[in-house]
Amino acid sequence: MVGQAEISCSSRCWDCNGESSGRAEIAMGFSEPSGPFAVGCRRTELDAIPVNAFYPCVSSGGYVRASWWPQNTNSEFTHPYATGLAAGSQLPGLAPILSSLSWVKTKCFLDAPIEASATPCRPVVFSHGLCSTGSFYSAICSEMASQGLFVIALDHSDCTACACIREDPQLSIKFQPGDDAERDSQLATRVEEMSRALSALESGFPEATFEIQNSVAAGHSMGATAALLAATADCRFKTAICLDCWSPGRVIPKLKPNFDILFIRIDNPRDPMVRICQQNSQSGHRSAVFAIDRSRAQHNHQTDFFLLLPKWAVRLGLGRHVDDAATILAANNMLCIAFVLDETSFPSSARDIVDSSQELLEMEFVSW
């Protein structure tokens, strides 16, 4: 491909468009972000942590679409993400088929320069769920970036990513999640990496300016639990966005909620989230819990994955009918954006979003 822009940066980066192999571009599932900015995407390392950066960029003319998955840097036929994803699904034979997802293109523009008028940007550090990576959340990360936020979606090194691909293939880490007894140590690794990545952001993107002391910790599933703990441990995180937070009750004793918290849940229980928000609201911080109708959605509807599958395949895999993936994700994303950006009138904005969702969303707790 041609026309890629060069950005001066002190961190290491590499091509992730996968075009050198001559593979055809496949555009699937992704909608154009709705915000006022085009969205750039860049895969790099911040303090040795692989990240996908999503940011407001200059006009998209002349720049190519970024791949959903990074280029395969090892010598194996199957993509490392596909190998880990198939193993995590206990269907290892699917790995060669899943490798075709490396051909999929997002709506982001690879290495496009950062839009100067959007700076200083508020950073969002996003932690992925078990057996996924930062790439699996490009839809919500792109939407946030189109609204002027600067999102870095991490690939964690705690062995819970379907693969942690490094610039040096010898340093890459395969999916080896262990059992529940290892989750606390893995969460500690994630929290430390979220803070390290935030600390490295300014040196990694010296052409931009950031509101570092007003950052957002975000995540899905196990990553949402990490976001809660990261915001407790690092005062630079003023907000936590928690998508279907995994096992929130187990971390309540560790939390010191003194930051704004948004929960949007599907499969995970309501009561621990409400308890956390009730405790948090006593300190005068914004807190909210919303539910997406479990009969119409599933845990992974807050990722990109169902956007890339035909509706019949989703229904076959789940054994039941669910709403259109794009509809569910759009409602989820609108709540996240409103919570981060609409600090004064979020309750009324949220009510409008709930009312227009055709009973997909329910407001369970809001304290303002």
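Which residues in H3 meet which residues in H8?

Mentor: The model is predicted, and what follows describes that model. On the H3 side, the residues in contact are Ala 139, Ile 140, Glu 143 and Met 144. On the H8 side, they meet Leu 329, Asn 332, Asn 333, Cys 336 and Ile 337. Sorted by class, this contact has six nonpolar, two polar and one charged residues.

Next comes the geometry of the pair. Two packed helices are described by the angle between their axes and the distance between the axes. Helix H3 covers residues 138–146 and helix H8 covers residues 325–341. Their axes are 10 Å apart, and the packing angle is about 40 degrees. That angle makes H3 oblique to H8. The crossing of the two helices is right-handed.

Both helices also take part in a pocket. The second largest pocket contains about 400 Å³ of space. Its lining comprises 21 residues, and those nearest its centre are Ser 31, Ala 139, Glu 143, Ala 330 and Asn 333. Ala 139, Glu 143 and Asn 333 also belong to the contact between H3 and H8. Strand S5 (104–110), H3 and H8 each contribute at least two residues to the lining of the second largest pocket. H8 gives the most, with eight residues. By class, the lining of this pocket divides into eleven nonpolar, seven polar and three charged residues.

H8 has another helix packed against it. Helix H9 (residues 346–355) has an axis that comes within 10 Å of the axis of H8, and the two cross at roughly 170 degrees. H8 and H9 are therefore roughly antiparallel to each other. From H8, the residues in this contact are Ala 331, Met 334, Leu 335, Ala 338 and Phe 339. From H9, they are Phe 346, Ala 350 and Ile 353. The contact of H8 with H9 has eight nonpolar residues, no polar and no charged ones. The contact of H3 with H8, by comparison, does include two polar residues and one charged residue.

S5 leads on to a detail of the backbone. Most residues other than glycine have a negative phi, and most peptide bonds are trans. Thr 119 and Pro 120, however, are joined by a cis peptide bond, with omega at about 0 degrees. Pro 120 sits in the loop between S5 and strand S6 (123–127). Another backbone detail is found at Ser 221, a residue other than glycine with a positive phi, near 60 degrees. Ser 221 is in the loop between strand S10 (215–220) and helix H5 (222–233).

H5 in turn packs against another helix. The axes of helix H4 (residues 183–204) and H5 come within 9 Å and cross at roughly 60 degrees. H4 and H5 are therefore oblique to each other, and their crossing is right-handed. Among the H4 residues in this contact are Arg 183, Gln 186 and Arg 190. The H5 residues that they and others of H4 meet include Met 222, Gly 223 and Thr 225. By class, the contact of H4 with H5 has nine nonpolar, three polar and two charged residues.

The remaining topic is empty space elsewhere in the model. Rolling a probe the size of a water molecule over the atoms shows where empty space is left. The largest pocket has a volume of about 930 Å³. It is lined by 38 residues, and Leu 85, Ser 89, Asn 300, Phe 305 and Phe 306 lie nearest its centre. Helix H1 (80–88), helix H2 (95–98) and helix H7 (311–318) each supply at least two residues of this lining. H7 gives the most, with six residues. The lining of the largest pocket has 26 nonpolar and twelve polar residues, and no charged ones. The lining of the second largest pocket, where H3 and H8 take part, does include three charged residues.

There are also two cavities of 30 Å³ or more. The largest cavity holds about 70 Å³ of space. Twelve residues line the largest cavity, and the closest to its centre are Cys 41, Asn 52, Ser 67, Trp 68 and Ser 135. Strand S2 (38–46) and strand S3 (49–57) are the elements that give two or more residues to this lining. By class, the lining of the largest cavity has six nonpolar, five polar and one charged residues.

Methods. Residues are numbered from 1 along each chain as its sequence is written. This is a predicted model: local features need pLDDT of at least 70, side-chain atom pairs count only at pLDDT 80 or more; totals for chains, interfaces and linings use all residues. Side-chain values use heavy atoms; hydrogens and water are left out. Axes are lines fitted to C-alpha atoms, for helices over the stretch in contact, and angles run from 0 to 180 degrees between N-to-C directions. Helices (H or I, at least four residues) and strands (E, at least two) are DSSP runs, numbered from the N terminus. Angles under 35 degrees count as roughly parallel, over 145 as roughly antiparallel, 65 to 115 as roughly perpendicular and the rest as oblique. A crossing is left-handed if the near helix is turned anticlockwise from the far one by less than a right angle, and right-handed if clockwise. Contact means heavy atoms within 4.5 Å. Ala, Val, Leu, Ile, Met, Phe, Trp, Tyr, Cys and Pro count as nonpolar, Asp, Glu, Lys and Arg as charged, and the others, Gly among them, as polar. On a 1 Å grid over the protein atoms alone, a cavity is a set of points where a 1.4 Å probe fits but cannot get out, and a pocket is an open set with protein on both sides within 12 Å along at least five of seven lines; lining residues have an atom within 4 Å of a point. Grid points are joined across faces, edges and corners, and a volume is the space filled by probe spheres set on the points.
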